[in-house]
Structure formats: structure tokens, C-alpha cells
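Hi,

Here is the structure I promised to pass on. Please open it first, then read my notes below.

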Amino acid sequence: MNMETQLDPMKDDLPLMANTSYMLVKHYVLDLDVDFKSKVIEGSIVLFFETGSQYRSTSSAGKECCQSEFDETCKMRASEPCHIPMINVSTCSSKTKCNDFAVSGKEEEATSEENSNHSNSEQASGISSSKDCCDIEDRGNKDFLLVLDCCDLSVLKAEEVDVAAVSGIEKFTRSAKLTGVPKELENLRNRIVHELVTLPADRWKEQLYYFTHCSQAPGCGELLFSTGTWSLEIRKSGIQTPVDFPHAIRIWYKTKPEGRSVTWTTDQSGRPCVYTMGSPINNRALFPCQEPPIALSTWQASVRAAADFVVLMSGENSAEPVQLQEGILSWYYYVSMPMPASTFTIAVGCWQEVKQQSFKQKAAIGINTEFSLPSSQTDLRWHEEICGHVEYPCRFQNPAARLQAVIPYRVFAPWCLMESCEEHLLQLIPQCLSAAYATLGTHPFSRLDVLIVPSNFSSLGMASPHIIFLSQSVLPGGSHLCGTRLCHEIAHAWFGLAIGARDWTEEWISEGFATFLEDIFWARAQQLSHDEIKGQQELKALLRWRRLRDEVQNSEEELQVLRPKKESTGELSESGASVVKYGLKAEKIFMQVHYLKGYFLLRSLARTIGEVLYLASLRKFVIKFHGQLVLSQDFLSMLLEDIPKQKQSELTVESIFQNWLDTSGIPKLLPDQLVLLLEFLLEEKTLCPRILQCLERTYQLREQDAEVRHRWCELVIKHKYEPGYGDIERFLREDQAMGVYLYGELMVNEDAKQQELARKCFAAAQEHMDASSAKVVAEMLF
């Protein structure tokens, strides 16, 4: 059965097709040429795999194993079970016996069915035995299918890589003796890949060296492939299990000018450029990959372009270009921290590096590192814990990195915007980085590039590993918008990148945290007083509340839910495939409900627990979960453990799901939030009785505290809502400490009924009122 039919995603859902439960990519090596004339990126990608978590290997005699990702009828018998947890990905045994197969220039011919579905008209098999042999719809032999996420790509060829041919690679073969039997040679290749991808973190440079050389090894047999709307399916004739499938494969391909992962455009100076702009389909139209977040991988890339162009990329190193031939430069980047392929970012253009005088830079850094040190010291005690992520060279275990308040940074922009960047952006970066360090501790990434992207960029900013894209819109008009947006994107280094959502539908984990933290970072970057911070944050909250209210009133309810899959969040099919609910819905791209509703949830939790304890819990969460994928309950459970019992009241993970994450609309509000809502409703000129009745019933305003009920009484008076006059009478009788102002409101409206109500309440309360209050009220009434 066709996989895409089986998944049956809605038209607005984004399918994640990769069968990560059977084969899990651990490293990508990209080797690409960028051609601005044809608007095509062309080259090859080598993928290194481990066998996935759901596969159970069997003995060579009497195999019964899963042949197709969605073939529910097949039974699996395991002789060597291989367990891989969701986050801490362990590795499978390399001792598994392999199938016999023949290594030759010819593969078994695959027959074509008339109803086979191919969206890629440019596909080619590249296999001499049959022009149609890349068509693998009719799989009578039930070969194992490797499924990768892929669209808008012209795949030219797929082949197995002979990693055993690499000089010096014998160190990874242990004591294996090669007899020349094809089966043993294939087993050897997969064992080499297994040893290579599981090298300990302190050998990461050696690992990178061998990844490079293995990626350049010759091919040793072409593979059959077929492209669908959303996927690339690859098989090797006669290979029926993931364990026996080649664990190092090379794919030759080229992008299409209309591909949706990158945009070809011109910068603000009129020069051509291309960049990944945060497409809903992520990077599958840039390179074949495994998109599910569980496929945490490292990567390295060599990218060639004309000498006029600068290549920026998600990479730990600041690439130095190498001239390969006249007029062509090659740029090389790598990362050693495993992350989802969706976080890979590239930008190729005639960017100029923005620099300033060194004494200015030192002054900017010096001002802001001093205030950051005290709070960072409290962070250090958590570093005694062992990291919970898969092994990689982690900055949280590096003493020098833990003390680095400002990581190395660069700024790039089109020539015409360099002066504007130097005026504001350049000096803001160290301030914001230092403020972030003061709040959360160790920077997860070792360096940062900031690029002002072309004007067609549809957002104010986007964060990726080691690089931030900013819109030109943040530059004019002073430092406020630029600073707050920079803080938001810097926050994503922790929430969104170092800690990712296990299920992409829970994007509030990234955006809600970044929105909440941008206020904390920006206040510290400006070194504001406590009162100034409170005033600025309250104003921000009011503006965000208005935006959230407007969005809730004018959007579809299902798009307002922060956890649309509810209790199914994080669940995958047997193969590892899934869908991102509403991932392709056009209007969702412009919605801010995940930012704003997530922000108000975190703000309410911070007010419940207290900001100092709350920020300490955030640092604790970062230490425990960096380098891992999380669900909402991972954060909420840890936070609630830190809340004193007397403050917990009815706060549970389940109640937060019910009130905040699993429902549309605006959740039940805390008193301060209700006051904010009512104050801003007081600015409305008219509210009809039906709205006021709905407001009272929805939020049970008569049962709220005095601050909330005071605003409710003001609304009742302003709009002459007679069903609420009893609430005013009660307030003036029972809350005399706060009610004096209401007498004046009742009289100012010059409404006979309200004035009569004021005199009636005063007459009943006058005898027991404080003398001063009674005198003031009497002057209002008579």
C-alpha cells in the first residue's frame, strides 16, 4: 500500500514521511554548487545511518521481519532486540548476521505498474539495466524501503558508499577478518559506519575527519529509488531488513528554482542571493533528509559559489573560503551537536561584514558582563550533573564555555544597510548576549552570525544554530524593536534549538518561551530599575493581550489550540512517520497564538511561583534537558515540583492542559490578568448588555477578588448595566476601603437611577464609615 495514501493527512497537514523507527540518520555530508544563473543548487549528499528503534533483527535462517513501513500483516521475530529510547538514542548491535547478496554492476530489474504515482517528472534511475528500474511500486520480493522526506527535488542517482575503501578505516573494523565474500563485505561496511557514528565525544575531530573521507569514497552499487509528492523511497534489490540495508548512501540531486525550502531573490542593494526563509516544508526541498525531530543528526557541508558571494550557514566554525579555481570559492561548515535537519540554514549572497572600532566593542561588552556574573554563579552548581543527551562535545561540560557571557559574533548585511547596522545592531548584540547569559547561564552554541536578510523575508527574525536572520524592519527608529527582536531570537538558542519540541505541533514550547524571555533579556540589557522593568513589562502584556484577543476573535478555533493532538501528542506510527497538524495552513504562518498564549501561560506561572524561583527553575530545566526533545509535560512537571505546596493550589499538569493547551480561546485568567482585561474593556465606548452578561458569567466576576470586582463595577456604571447594580451595592457595603471612587462615578453620569443608588448606599453605610471617607463622599453626593 502506498505510504502517502496510508497516512492520509488532511490537505493542511504536513506529512513527515521518513521511517525513522527503522533507519535513523546520524550525519549528513553535503557537497553543493550554487548557480545563480539557473537558480539551482546541485551536488550530492551522503547520509550515515544507524538501525532504528522499532526494528528487531532476526537470525539468517527463517527470517520474518517487517518489509514495508506500513505493512501491518508482517510479524517480527527478534533474536537480538535493539532498544532506542525517544531521546537518548542508543545504538544497535553490530554483530547481527546479514543477508547474502551479489555485488555487481547490475541490480535486479524492477517492474513498473501502470498506476505508479510519481510527481517528479525529471526523475532518473541512472541504472543501466533498465530505464524504469527506479520505479519500485511493484515490490514482489518485499525489499526494505528507506523513506526520506523530499519534495521539489530532481533526484539523479542513489548509490551505496564503499566506506571500507577509505585509507586508515581498518581501525574501525576491530578484529574482523575479510574473506571477500560479498555478505561479509557488506557487513563490514555497516560495522564501520556503526563504529564511526558511535565514537565518544572526545574523538569528535577524528570522527569528522573520517566522515569527510568516507563521504568521498567511491560508490559500490547503485540503488533503486522512486520519488513521490513528499518522499524519496530507496531500496537495494534483495535486501529485506534495515540491518542489512547500506548504512552509508550517496544521493545525487539538484533543487528546482520553484523549490519551497529556499528563495532566490535580490538583496536591498540589488544583488542576487538565495536563503532558507523558514518554509513550512522546512529543508526537504533543499536536500533529502529525515524531518521528524527524533532524527537528531550532525552535518557538514562544502558549498561552492562565485567569488563575489559569501556563504553563511549553521556551523560551529567561521568558514574561511578556499579558491578552487578562478572565480569560484568553496566554503566549509560543520556542527558537532546533533539537531533536527529542519534547523539547518544557509544564506548565499553578496553580504558585507559590519565591523566597528575595537574600543567601542570592548566598551559595549565590558558594561554588560559585570552585572551578569552573580546570577551565572548560581547556575554552576547544576553542572555537576551528567548531561542527559546523546554524547557530543557539550558546552555545558566545558568550564571555559560556562564562563563565557558573550560568545564571538559577526554581523552581515547588504552594502546599503551597513551604516544602519553599525549604528544600532552591532552594539546591541553583546548587551543582549550577556543579558541572556545572566538569565539562563551557558550559551548552547559557540558563536553567532547575524544577517540582515532581503526585504521579502516574511518575519521579523528567525533563529537557527549559530546564525540569526533579522528583517531590515528592525533597524530604523532607535534600538527598541531591534533589541527586543534580537533578544527573542537569542532566546531560541535555548528554547527551540538546544531544547526542541518532540512534537512540532507544540511550537509554543519554542515561541512562548522566547516571547516571555525577550522581556527578561531586554530589561537586563538596558539595565533598568525594578520599577522601570515592571512598567515596561506591564505595557508589553497589555499590548500582547489586545493582540491575542483580536486573534482569538478573528481566527478558526482549531488554530488557537496549543496542543492540537492532545493526549496523542508525541505519538508516531510504527515506522516513525507522522503529520504536523495544520502545518501547511497558510494563515497559520501569520498567527501569533502560540507566541502569545504561550507567553501568558508562562507569565501566569511566573506570578504564581515568583520570578526569582521561576527563573531558577528555567535554568534547572535547561541544564537537565539541553540537547534533547521535550513535550509540554516535561517542563510543567519539573516546574510544579519546585512550587511550594502552599502556592500550588489547584495547579496540576492536567489542569494546565485543560485550561491552556488543549482548548481554543483565552484561558481562565488570574486576578491580575482579569484586572488588565477589564481595564482595557473600560476604554471601549460601548458594550451591549449581552456582552457584559457573557463577561460576568464566563469569568464569574462576582466571585473574584476586590480588585477585579471594582473594575467590574466601573464597567456596570459606565454602560448602565442594571442587572449589575446589586454588585455595586454589595461592593459599597462590604469593600469600603476601595469603594469611595465608585460614588463619584455614579454621580458623574448624571443618571437618576445611578444617583439614587449612590445616595441609598451612602445612607445605609454612613453610620459605620470612616469619618474622612464619609466627608469626601458627602461632598460628592450633595
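What share of the 782 residues in the protein chain is buried? The share is 58%. Keep in mind that this is a predicted model.

First, the overall picture. The protein chain has 21 helices and 24 strands. Its accessible surface comes to about 32,600 Å². Carbon and sulfur atoms account for 50% of that surface. Now take the contacts between residues at least 6 apart in sequence: 75% of them join residues at least 24 apart.

Four strands form an open sheet, in the order S10-S11-S16-S13, with antiparallel pairing. Strands S10 (262–266) and S13 (310–313) stand at the edges. Each has a single partner strand, so one side of each is left without a neighbour in the sheet. Neighbouring strands here are turned by 15° against each other on average, direction ignored. S10 pairs with S11 (residues 272–276) over 5 bridges, in the antiparallel sense. Find Thr263: it stands opposite Tyr275 in S11.

Last, the cysteines. A disulfide is a covalent bond between the sulfur atoms of two cysteines. How many disulfides are there, if the two sulfurs must lie within 2.5 Å? The count is 0. For Cys150, the nearest cysteine sulfur is that of Cys151, 6.8 Å away. Cys150 has 2% relative accessibility, so Cys150 counts as buried. For Cys432, the nearest cysteine sulfur belongs to Cys487, 3.5 Å away. Cys432 is in no disulfide. Its relative accessibility is 0%, so Cys432 counts as buried too.

Best wishes

Technical notes. Residues are numbered from 1 along each chain as its sequence is written. This is a predicted model: local features need pLDDT of at least 70, side-chain atom pairs count only at pLDDT 80 or more; totals for chains, interfaces and linings use all residues. Side-chain values use heavy atoms; hydrogens and water are left out. Helices (H or I, at least four residues) and strands (E, at least two) are DSSP runs, numbered from the N terminus. Buried means under 20% relative accessible area, exposed over 50%, partly exposed in between (1.4 Å probe, protein chains only). Contact means heavy atoms within 4.5 Å. Accessible areas come from the Shrake-Rupley method with a 1.4 Å probe; for residues, only the protein chains shown count as cover. Two strands pair if DSSP finds at least two bridges between them. Axes are lines fitted to C-alpha atoms, for helices over the stretch in contact, and angles run from 0 to 180 degrees between N-to-C directions. A disulfide is a pair of cysteine sulfur atoms within 2.5 Å.
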